[in-house]
Amino acid sequence: MSPGGAPRPTRSRAVAGLEMLAGLDRTLVMGVVNVTPDSFSDGGEWYEPDAAVAHGRELLDEGADILDVGGESTRPGASRVPVAEELARVLPVVAALAADGAVVSVDTTRAVVAEQAVAAGARIVNDVSGGLADPGMAGVVARTGVAYVCMHWRGHADVMDDLEDYDDVVTDVRAELAARLETLHAAGVRREQVVLDPGLGFSKSGASNWPLLARLGELQDLGLPVLVGASRKRFLGHLLAGPDGQAVPPLARDDATAAVTTLAAAAGAWCVRVHAVRASADAVRVVAAWDRARAAVPGAATVRDSTERPAT
């Protein structure tokens with residue numbers, strides 16, 4: 001329960017356009033398909049469309065519920081990709097995976113890319129800018145009725161590390177997401193279309209990510225599903241640093257990512273976005289089984305109940 005007694009959104013909360021996933025009584029797993037030469041952890045590995053499609057199919061076999069196809073790196077310091085190049089990268093992959101029956105998300109900040117990807121079969125627009133990078137995005141989301149992941153964002157990759165200035169990171173992120181919701185609603189986007197993302201790693205390079213995870217319920221109190229994208233990010237690399245203080249490389253962060261998945265699922269996250277799917281797919285199923293077993297014991301709290309902060 002949230003403060004004031006209102007029930008917190010459940011993992012299975014229906015999102016417009018994603019009714020096929022609403023019956024899954026557990027946290028969803030979104031697998032990352034980067035069609036880029038320069039993403040921070042796997043740039044170039046699946047850059048060609050055929051390789052990207054094959055990788056998407058592998059992620060589905062590992063347990064992914066959603067595939068998130070992106071054609072522009074958002075790693076710190078990355079440069080923008082020309083729109084024509086982004087379209088050429090993502091549209092063939094989106095179309096092929098959608099034709100397979102996969103639930104496909106397009107990871108883009110551009111309205112034109114979002115609109116064409118939806119026409120090609122994408123069911124979700126995952127916009128790391130929350131509509132701030134392109135004023136036309138809200139109109140596309142409203143017009144198409146597509147599910148929309150609205151992430152907390154303060155600036156593009158080349159400047160975002162300069163914008164990490166918070167009084168209280170959770171309170172500030174929540175307020176800024178609430179403001180984005182008002183703008184989206186004014187543009188005709190329905191609440192049931194929207195999923196919120198706290199934007200781990202975006203204008204949050206280190207310790208400021210942990211309060212967002214520990215106090216996830218405060219974001220859920222906005223009344224919408226929450227997606228957590230911690231996979232292989234810098235703050236995990238710094239956490240796991242050795243005696244020399246050097247952050248471990250991205251591919252060495254997958255076990256920590258799976259641990260975050262477990263905790264996020266226990267806290268009621270709607271979805272986690274990960275590069276390595278299998279461990280996280282197992283983790284969300286373990287949490288769901290634990291919750292079912294606990295719910296069968298009179299008076300026992302679920303895993304999620306036990307992780308909520310005390311009411312204030």
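## Salt bridges around arginine 110

The side chains of glutamate 86 and arginine 110 meet in a salt bridge, with 2.8 Å from N to O, where a salt bridge is a side-chain nitrogen of Lys or Arg within 4 Å of a carboxyl oxygen of Asp or Glu. This pair links distant parts of the chain, since glutamate 86 is in helix H2 and arginine 110 in the loop between S3 and H3, 24 residues apart; helices (H or I, at least four residues) and strands (E, at least two) are DSSP runs, numbered from the N terminus. The model is a predicted one, in which local features need pLDDT of at least 70 and side-chain atom pairs count only at pLDDT 80 or more, while totals for chains, interfaces and linings use all residues. Residues are numbered from 1 along each chain as its sequence is written, and side-chain values use heavy atoms, with hydrogens and water left out.

Arginine 110 also forms a salt bridge with glutamate 72, and here the closest N and O atoms are 3.9 Å apart. Because arginine 110 lies in the loop between strand S3 (104-107) and helix H3 (111-119), and glutamate 72 in the loop between strand S2 (66-70) and helix H2 (83-99), the pair ties together parts that are 38 residues apart in sequence. Arginine 110 counts as buried at 15% relative accessibility, where buried means under 20% relative accessible area, exposed over 50%, and partly exposed in between (1.4 Å probe, protein chains only). Its two partners are buried as well, glutamate 72 with a relative accessible area of 11% and glutamate 86 at 1% relative accessibility.

## Other salt bridges

Aspartate 254 forms a salt bridge with arginine 232, the closest N and O atoms being 2.8 Å apart. Aspartate 254 lies in helix H9 and arginine 232 in the loop between strand S7 (227-228) and H8, so this pair ties together parts that are 22 residues apart in sequence. Both aspartate 254 and arginine 232 are buried. Elsewhere, salt bridges that share partners join Asp68, Asp107 and Arg273 into one network, and the count for the structure comes to 13 salt bridges.

## Cavities

The structure holds 2 cavities of 30 Å³ or more. On a 1 Å grid over the protein atoms alone, a cavity is a set of points where a 1.4 Å probe fits but cannot get out, and lining residues have an atom within 4 Å of a point; grid points are joined across faces, edges and corners, and a volume is the space filled by probe spheres set on the points.

About 30 Å³ of space lies in the second largest cavity, whose lining consists of Glu72, Thr74, Glu86, Asp107, Thr108, Thr109 and Val128. By class, this lining has 1 nonpolar, 3 polar and 3 charged residues, with Ala, Val, Leu, Ile, Met, Phe, Trp, Tyr, Cys and Pro counted as nonpolar, Asp, Glu, Lys and Arg as charged, and the others, Gly among them, as polar. Glu72 and Glu86 in this lining are also the salt-bridge partners of arginine 110.

## Backbone angles

Serine 203 has a positive phi near 55°; serine 203 is placed in the loop between strand S6 (194-197) and helix H6 (209-214), and at 1% relative accessibility serine 203 counts as buried. Arginine 232, although not a glycine, has a positive phi of about 60°, and at 8% relative accessibility arginine 232 counts as buried.

## Buried alanines and their contacts in sequence

Alanine 117 is placed in helix H3 and counts as buried, at 0% relative accessibility. Alanine 117 and leucine 91 are 26 residues apart in sequence, and their C-alpha atoms are 5.9 Å apart in space.

Alanine 147 belongs to strand S5 (residues 147-151) and counts as buried at 1% relative accessibility. The C-alpha atoms of alanine 147 and arginine 191 are separated by 9.8 Å, the two residues being 44 residues apart along the chain.

## A nonpolar surface patch

On the surface, Trp210, Leu239 and Leu240 form a nonpolar patch, with about 260 Å² of accessible area together. Patches are made of residues with over 30% relative accessible area and no salt bridge, with like charges joined within 9 Å and nonpolar side chains (Val, Leu, Ile, Met, Phe, Trp, Tyr) within 5 Å; accessible areas come from the Shrake-Rupley method with a 1.4 Å probe, and for residues only the protein chains shown count as cover. Leucine 240 lies in the loop between helix H8 (234-239) and helix H9 (254-266) and is partly exposed, with a relative accessible area of 34%.

Technical notes. 1 Å grid on protein atoms, 1.4 Å probe; cavity = no way out; pocket = protein on both sides within 12 Å on 5 of 7 lines; lining within 4 Å.
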